[in-house]
Amino acid sequence: MIRSGRVQAAALGALVAIGAACGRPARSWVRSADVGEGRAEADSLRATERARVHALVTGDVARARHLHADDFQLINPLGGVVSKDQYLGGIASGQIDYLFWQPDSIAVRLYGDAAVIRYQSQLEIVVQGRHIPRQRYWHTDLYERRDGRWQVVWSHATGVQ
């Protein structure tokens, strides 16, 4: 769990730095994710993440490609860095085969055209022929709104001990 906290702190620090570079104090561009306009945006992000998970589990690489930014990177539970092409190529080839991935409640923090989501899930996967039984993971993902749609840019998964 410590690594997950570090990722969240790093993501938040990066967003604050972006706001400072834009000449705006951090609080002027942070919206509460579950009140007013923020609720609809948060619900849209939750739906996007659930659609992304569904595309990955069903092997719908075309749909997944649309939901992942070109510069997407995954930090997997072993600490490896995986690019969008490596990740989706692994899905397409069957080297990565999600057998089960069920997100729990998804927390959302909105920062203008960026957002951080965090949730736990149960996940079962086969990676390069190695079956990893169903277990719990933390997920922290950074989304950006690009060309009017939300895309995941960074994703980090950590096993729950």
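## Strand pairing around β2

In β3, V81 is the bridge partner of I75 (strands are DSSP runs of E with at least two residues, helices are runs of H or I with at least four, and both are numbered from the N terminus). The model is a predicted one, in which local features need pLDDT of at least 70 and side-chain atom pairs count only at pLDDT 80 or more, while totals for chains, interfaces and linings use all residues. Residues are numbered from 1 along each chain as its sequence is written, and side-chain values use heavy atoms, with hydrogens and water left out.

Strands β2 and β3 (residues 81–83) run antiparallel and are joined by three bridges; two strands count as paired if DSSP finds at least two bridges between them. Five residues lie between the strands of this β2–β3 hairpin, and G79 there takes a positive phi near 90°. Strand β2 is also joined to β8, by four bridges, and these two run parallel. Opposite Q73 stands W154 in β8.

## Aromatic and charge–ring contacts

Two aromatic pairs are counted (ring centres of Phe, Tyr and Trp, the last by its six-membered ring, within 6.5 Å; planes under 30 degrees apart are stacked, over 60 edge-to-face, the rest tilted). The pair of F72 and Y87 is stacked, because the ring centres are 5.8 Å apart and the planes are at 25°. F72 lies in strand β2 and Y87 in helix α4 (residues 84–93), so this pair ties together parts that are 15 residues apart in sequence. Both F72 and Y87 are buried (under 20% relative accessible area; exposed is over 50% and partly exposed in between, with a 1.4 Å probe and protein chains only).

Y98 and W101 form a tilted pair, at 4.8 Å centre to centre and 35° between the planes. Y98 has a relative accessible area of 8%, so Y98 is buried. W101 is buried as well, with a relative accessible area of 8%. A charge–ring contact involves R134, whose charged end sits over the ring of F100 at 3.5 Å from the ring centre (NZ of Lys or CZ of Arg within 6 Å of the centre and within 35 degrees of the ring normal).

## Positive phi in two loops

Q128 is in the loop between β6 and β7. Its phi is near 50°, a positive value in a residue other than glycine. With a relative accessible area of 64%, Q128 is exposed.

D147 is placed in the loop between β7 and β8. D147 is not a glycine either, yet has a positive phi of about 50°. Its relative accessibility is 83%, so D147 counts as exposed.

## The largest pocket

The largest pocket has a volume of about 690 Å³. Of its 30 lining residues, N76, P77, L78, V127 and I132 are the closest to the centre. A pocket is an open set of points on a 1 Å grid over the protein atoms alone, where a 1.4 Å probe fits and protein lies on both sides within 12 Å along at least five of seven lines; lining residues have an atom within 4 Å of a point. Points are joined across faces, edges and corners, and the volume is the space filled by probe spheres set on them.

At least two lining residues come from each of α1 (2–21), β2 (68–75), β4 (96–103), β6 (114–127), β7 (130–146) and β8 (149–159). Strand β7 supplies the largest share, five residues. By class, the lining has 18 nonpolar, nine polar and three charged residues (Ala, Val, Leu, Ile, Met, Phe, Trp, Tyr, Cys and Pro are nonpolar, Asp, Glu, Lys and Arg charged, and the others, Gly among them, polar).
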